[in-house]
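Please look through the structure below with an eye to its confidence, its helix packing and its aromatic pairs.

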Amino acid sequence: MHPRRRLGPSTGRGVVASAAACLALTACSPGTTSIEEHDLSGADRAACEALVADLPDTLAGETRAEVEPGGGPGAAWGDPAYVLTCGVPEPEDYEPTAECSVINGVGWYVTDDQLTDQSEDATPIALTRTPYVEVRVPADYRTEGIDRALAELAPLLEEHLDEGVPCL
């Protein structure tokens, strides 16, 4: 069994945004973030819509921001923005023995190549819930907000999403 990895500053390791996440997010206009939509089953789309409708007005002290498309499968908070996207695919490099950071009962997977630099963005994916959810966390929030944001989101993910794959 592998030890659980903590995503916050106590590890001394950082998380770098994956190339796919960077391509998925582009600014539409100042203050608006684009959320990439993925092919979802009817049930997954309904679960994502219910989750997004129930997301808070603030996350880790940051105010909810506009996203494009409105009513899409995600939300954003702050500037730079925390960006949640529901219905993302399973990471290609995920293996059943993958290590996760479990925060408030939700296992967040981060690729090994993202665990190197605290000055870069992080893109943890909640693989223990399905449809999968990723949260892009700007480097500005790495030392103070990443664990707080994921902890605040966990109860809503557990409420609206089914069990996903196990993480160690």
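The pLDDT is the predictor's confidence in each residue, on a scale from 0 to 100. In this predicted model, the chain averages a pLDDT of 81, and 81% of the residues score at least 70. Over residues 1-30, however, the pLDDT is below 50, although this stretch has 83 contacts in the model beyond near neighbours in sequence, a contact being heavy atoms within 4.5 Å. Local features need pLDDT of at least 70 and side-chain atom pairs count only at pLDDT 80 or more, whereas totals for chains, interfaces and linings use all residues. Residues are numbered from 1 along each chain as its sequence is written, and side-chain values use heavy atoms, with hydrogens and water left out.

The structure holds 2 aromatic pairs, where rings of Phe, Tyr and Trp (its six-membered ring) pair if their centres lie within 6.5 Å, and planes under 30 degrees apart count as stacked, over 60 as edge-to-face and the rest as tilted. The rings of Tyr82 and Tyr141 have centres 4.4 Å apart and planes at 10°, so this pair is stacked. Tyr82 lies in strand E6 (residues 82-86) and Tyr141 in the loop between strand E11 (133-136) and H3, 59 residues apart; strands (E, at least two residues) and helices (H or I, at least four) are DSSP runs numbered from the N terminus. Tyr82 counts as buried because its relative accessibility is 1%, buried meaning under 20% relative accessible area, exposed over 50% and partly exposed in between (1.4 Å probe, protein chains only). Tyr141, at 12%, also counts as buried.

The rings of Tyr94 and Tyr109, with centres 5.8 Å apart and planes at 85°, are edge-to-face.
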